[in-house]
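Try each task before you read its solution.

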Amino acid sequence: MGFDWTKADHAQFDTAVELLLEAQHDNGWETFAPDGRGGDGGIDFLARRASSLTIYQLKYYPDGFKSSTQSRKRAVRESFLKALEHGPSVWVLVVPAKLTVPEREYVLGLKAQAGSAKLRAIKILDLPKLTKLLAEHPKIRDHLDRDAVMEAVREHQVETSIARDAEQVIERAANLAARGSDIDPDWDMGIFTAGGQTRVFPVPKPGREGRSPLGVSFEVDPSALDVLTGRSLGYGTGELVQIPHQAILSVQTSGPSWNWFPDGVDIEFQPIMTAPPDAIVSVEFLDAEGRPSERHEGRLMHGGRGAEGHSISVEFYGGLRMLLLLPSAQDVQGSIEVKVDIHRRPPADARDSLALNRLLKTWPGSVRLAIDDSPFLTGNLDNHGTTLPVDFAILEQFADDYDVLQRHAGQRRLMPPDIPVLDRVLARVARIVLEGGCAFLPPPFALGGTLSIGPDRDVTELRELLTAPPAALVIRTNPFFLPVCDLQVDIGPAYIYGPDTRVQDAERLVLALDEGNADGAKFNYQPSPQYGWRVMRRDMDELVTDDASLIPIPWEAVEVDEHSALVPALATSAATSP
């Protein structure tokens, strides 16, 4: 079987010759094949390198010049004369036939009619040389052989993996699936091939579910299984089961005759769902009297059954997965596995996921679980003495604050990947103030300005202000923003109060005044360490005369020390209370 020059049609002949000539001149040659035979002055293919130009003339004469001899000879001569106009060094006639001696003499004799000093030679590329050239390029030969192979395939009514394009691949896949459907009246055959592996998976035909069950039972070596596979087999969890063939001790099949299991094949399957999909699973935390104290609802992701018991996988708030393993044996204790992932979750979902995680890990009483409000389990969590890592409390508090601040700002952002301590404190301050309280602003918060001194201004009063002893300072501003991660929280009209404040680095500023270069100098107000800056939300025209409203509320940020002025401030307020 192979490409047959004598049976190739005109288009196949042209394509094959062009491929071979391109491959023959791939080493430093410039090649060109015009669109349309004879459409470019007698050139069907040319190859140029330096001062050498070879022009090829393709004539589809499968039987040489034997028929219509004079007209074919005349056509060859006309093509030759047109090619001479381009000044070739070599002119080559290509024909898919073995020329006779008289035919060869005619072609080679055209050189005497050339009258061109540039033409050094005329050559003939006929059937023997084409066959030899094709043998020298096996990749091209294989490419051209496709049609012959496809003809043989059609003759034997067999489809192979050889295909011309994606559309043909799809057509053959559909035909193969249709033939697979004929195997059994109850089952279709799905076929998937990738990465050198072919998988065949039966699918029940519509309306034929359960008519012809397939059964596979196998015995495995437990020591060869990993933990997840053992859990999937034992409880039907949703993890993919992968059993290497080395661990399979025996296999038995039941059902249709085509249901068989070859040796040396790995087993891979996903446990089936035995619970209603998308059902609502509720978790109620019961108090000492058995009354629900808190309730959380999630979506059932998987419910399965294995040799040792049942499993239920539930997702809550997109950030918490709970897996229950419920053994069938009464004397075996069940377990709950909880995984939390709040990365890039909305703050409200992150807060609720962390809150549920805290309850599941620390609730001292019992819980009740239900699917679509039908209870299926009540029991204790055995959490006595359990404490969570402090990171969970930090994240839960920030997620709660961040959700409140976002709702105030009318924005919806996801949990940031990093939460610096300062942002956690600012989130606490912003929430306290928005809820009507007074809070200390954390260091390094600073208030200041720029000195503006005209040429004729008397700076005596300014010097006195700069050197005055510490005094109370009130600054009203609207709006007032507090930055929390990537969120700018607009507090609104704010009242910033420092009960014991002076100008920082006053000596430097007074010296600048004396030297006449204080205009444009920057300055900051500095509160005494035992007082600090306090902030509250007040209308611009509202005076704060009630000392109680100036009492700061503690931040209570998890694992963060309070402001150093908090204790003195609370002590002062207690001493002045009636």
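**Exercise 1.** Find which residues form the nonpolar surface patch, and classify Phe 192 as buried or exposed or in between.

*Solution.* Next, locate Phe 192 in strand β6 (residues 187–194), strands being DSSP runs (E, at least two residues). Its relative accessible area is 47%, so Phe 192 is partly exposed (buried is under 20%, exposed over 50%, partly exposed in between).

The model is predicted: local features need pLDDT of at least 70, and side-chain atom pairs count only at 80 or more, while totals for chains, interfaces and linings use all residues. Residues are numbered from 1 along each chain as its sequence is written, and side-chain values use heavy atoms, without hydrogens and water.

**Exercise 2.** Work out why the rings of Phe 445 and Phe 480 count as edge-to-face.

*Solution.* First, rings pair if their centres lie within 6.5 Å, with planes under 30 degrees apart stacked, over 60 edge-to-face and the rest tilted. Here the centres are 6.2 Å apart and the planes at 85°, so the pair is edge-to-face. Then trace the chain: Phe 445 sits in the loop between β19 (439–440) and β20 (447–450), and Phe 480 in strand β21 (residues 471–484), 35 residues apart. Finally, Phe 480 is buried at 9%, whereas Phe 445 is partly exposed at 25%.

Definitions and conventions: Helix = DSSP H or I, 4+ residues; strand = E, 2+ residues; numbered from the N terminus. Buried < 20%, exposed > 50% of the residue type's maximum accessible area, 1.4 Å probe, protein only. Phe/Tyr/Trp six-rings, centres within 6.5 Å; stacked < 30°, edge-to-face > 60°.
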